[in-house]
Amino acid sequence: MIKKLAKAEEAFLVLTLVAMVALIFGQVVGRYVFSNAPSWTEEMARYIHIFQVWIGASYAVKLREHIRVEAFITRFQGLPRKILETISLAIWFAMALFLAYFGTQLVLQSFTNGQVTPAMQLPMWIPFLAIPLGGFGMCFRLIEQLRRIWRGDYEMHKEGGVKA
């Protein structure tokens, strides 16, 4: 199931990137060639980008591609390093859970208020949905990382970095 989720995330990120580029290209052509571009393309590209950022953040956790300062943690090996990694992941998990919880509150509040987007008249809770999806995705990935660290599935290197 985890591999299917990763493939779905990859496919989503690639397809939305293609869609966003096509929308922006259409906006530019409409604006400069026809002197008239639909306003919905810009708005749709913006909301696609928001989803890409939040889903991409979750996917980057899986790949361990988020920026980290490892100057201190790389000086340790074995159990001390696992403990430091756990503390780091716990802090990150708390932040991701905060985003997921309050993002869900934002979605529910927007759903209740009935706010819509300016150009496309979509319910505003749809773009806001990216926040809890990304937050819960990061939480899921962080738990998976923690499990793998304590099982010893990650190979520790002296250069710094923990490789999958």
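How many Å should the 22 residues of helix α5 span at 1.5 Å a residue, and how far apart are its end C-alpha atoms? The tour returns to this after a view of the whole chain. Please keep in mind that the model is predicted.

**The whole chain.** Select the entire protein chain and colour it by secondary structure. Five helices and two strands are present, and their order along the sequence is α-α-α-α-α-β-β. Turn the view along the principal axes: the C-alpha atoms fill a box of roughly 60 × 40 × 30 Å. The radius of gyration of the protein chain is 20 Å, whereas a compact globule of 164 residues would have one near 15 Å.

**Surface and contacts.** Next, display the surface. The accessible area of the protein chain is about 10400 Å², and carbon and sulfur atoms account for 70% of it. Of the 164 residues, 34% count as buried. Among contacts between residues at least 6 apart in sequence, 71% join residues at least 24 apart.

**Helix α5.** Now select residues 130–151, which form helix α5. At 1.5 Å a residue, this helix should span 32 Å; its end C-alpha atoms lie 31 Å apart, which agrees.

**Confidence.** The average is 88, and 93% of the residues score at least 70.

Definitions and conventions:
Residues are numbered from 1 along each chain as its sequence is written. This is a predicted model: local features need pLDDT of at least 70, side-chain atom pairs count only at pLDDT 80 or more; totals for chains, interfaces and linings use all residues. Side-chain values use heavy atoms; hydrogens and water are left out. Helices (H or I, at least four residues) and strands (E, at least two) are DSSP runs, numbered from the N terminus. The expected span of a helix is 1.5 Å times one less than its number of residues. pLDDT is the predictor's confidence in each residue, from 0 to 100. The radius of gyration is taken over C-alpha atoms; the globule rule is 2.2 Å times the number of residues to the power 0.38. Buried means under 20% relative accessible area, exposed over 50%, partly exposed in between (1.4 Å probe, protein chains only). Contact means heavy atoms within 4.5 Å. Accessible areas come from the Shrake-Rupley method with a 1.4 Å probe; for residues, only the protein chains shown count as cover.
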